[in-house]
Amino acid sequence: MRERFENHNIDSPRLISEMLMSHVLGGQRIDLYADVDRIASKEELVSLRSFVKRTLDNEPVQFIVGKVWFFGAEFNVNPSTLIPRTCTETIIEQAVRHSKTVQRSETTIRIADIGTGGGCIAITLATTLPNSEITATDISEDALALALENATLHGVADQITFIQGDCIDPLKPLAPFDVICSNPPYIPDHELNTLDPNVRDWEPTIALSGGQDGLKIIRPLIETAPDCLVPGGMLIMEIATSINEEVLKLAQSSSSLKDESILKDQFGDDRFLKATKT
């Protein structure tokens with residue numbers, strides 16, 4: 001399996017092989033090495049060959065097995081949402097760091113996650129910050145159904161309010177937040193065709209496309225998010241490296257934001273906008 005994936009330029013061929021085998025045979029990836037003499041049944045071999053073919057056809061292995069790992073925890077995933085990436089975990093780190101600096105008489109931290117998708121950011125924050133109240137929004141009803149499923153799986157469904165709606169609109173009637181975070185659609189349309197086939201052909205375009213300049217969602221988010229933040233509240237969002245300068249200029253042009261900066265992900269790419277409400 002690994003050799004076939006390598007020959008077809010599939011990323012992480014060994015990891016993908018382990019994920020497919022453990023999905024078919026049951027158990028965890030480590031069990032593949034703890035029980036090396038286990039003989040696969042004919043039915044298991046048929047399933048495995050089918051999954052290998054689907055992988056060679058560029059279907060994401062996460063969609064095949066229906067699982068993904070994010071911030072050390074397992075989440076259900078399906079084609080209604082983006083597949084969470086490791087780089088997005090920086091949002092968690094920044095939101096937790098800011099939340100721990102908030103000094104108020106009450107102890108509850110209010111956090112909003114815009115475009116929650118499968119709920120990985122909101123759920124991870126809820127489990128990491130048990131004194132938080134999370135509001136998670138998405139325009140997709142299917143994505144919200146998956147997010148609720150994941151929240152229930154992780155035992156934090158009562159800690160998160162899921163609301164269907166576009167961008168910042170669902171937050172406007174609510175009390176202001178200490179943190180607003182988002183991994184919005186941000187790929188400029190002219191870059192969509194340059195994405196890997198397992199992203200371009202399988203993950204939902206509505207969750208990828210940021211319009212002609214990549215700012216279709218980011219622009220109104222920067223313009224209106226301060227209205228939904230407490231003074232000193234933080235806005236943190238993932239962006240495309242190719243538009244980081246434009247995003248920073250948008251934030252700097254807002255009279256309601258300060259301390260605007262672009263943060264790098266763990267791979268050294270300019271990947272996040274961070275700003276504070278004045």
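**Exercise 1. Which residues form a nonpolar patch on the surface, and how much accessible area do they have together?**

Solution. Start with the members: Ile30, Tyr33 and Val36 make up the nonpolar patch, and together they have about 330 Å² of accessible area. Patches take residues with over 30% relative accessible area and no salt bridge, joining nonpolar side chains (Val, Leu, Ile, Met, Phe, Trp, Tyr) within 5 Å and like charges within 9 Å. The areas come from the Shrake-Rupley method with a 1.4 Å probe, and for residues only the protein chains shown count as cover.

Before going on, some housekeeping: this is a predicted model, where local features need pLDDT of at least 70, side-chain atom pairs count only at pLDDT 80 or more, and totals for chains, interfaces and linings use all residues. Residues are numbered from 1 along each chain as its sequence is written, and side-chain values use heavy atoms, with hydrogens and water left out.

Next, zoom in on Val36. Val36 sits in the loop between helix 3 (31-34) and helix 4 (42-56); helices here are DSSP runs of H or I with at least four residues, strands are E runs of at least two, and both are numbered from the N terminus. Val36 counts as exposed because its relative accessibility is 57% (exposed is over 50%, buried under 20%, partly exposed in between, with a 1.4 Å probe and protein chains only).

**Exercise 2. What lines the second largest pocket, and which helix gives the largest share?**

Solution. First, the volume: about 330 Å³ of space lies in this pocket. Then the lining: there are 16 residues, and Met21, Leu25, Leu32, Tyr33 and Asp35 are the closest to the centre. A pocket is an open set of points on a 1 Å grid over the protein atoms alone, where a 1.4 Å probe fits, with protein on both sides within 12 Å along at least five of seven lines; lining residues have an atom within 4 Å of a point. Points are joined across faces, edges and corners, and the volume is the space filled by probe spheres set on them.

Now sort by element. Helix 2 (13-25), helix 3 and helix 4 each supply at least two lining residues, and helix 2 gives the largest share, with 5.

**Exercise 3. Is Thr90 buried or exposed, and what does Thr90 touch?**

Solution. At 8% relative accessibility, Thr90 is buried. Leaving out residues up to four places away in sequence, Thr90 touches Asp265, Gln266 and Phe272 (contact means heavy atoms within 4.5 Å). Last, widen the view: 9 of the 11 residues of helix 6 are buried, so this helix is largely enclosed by the rest of the structure. Among the buried ones are Ile91, Ile92 and Val96.

**Exercise 4. How many salt bridges does a search of the whole structure find, and where do Glu203 and Arg85 sit?**

Solution. The search gives 12, each a side-chain nitrogen of Lys or Arg within 4 Å of a carboxyl oxygen of Asp or Glu. One of them pairs Glu203 with Arg85 at 2.6 Å, N to O. This pair links distant parts of the chain, 118 residues apart: Glu203 is in the loop between helix 9 (197-200) and helix 10 (218-224), while Arg85 is in the loop between strand 2 (73-76) and helix 6. Glu203 is buried at 3% relative accessible area, whereas Arg85 is partly exposed at 32%.
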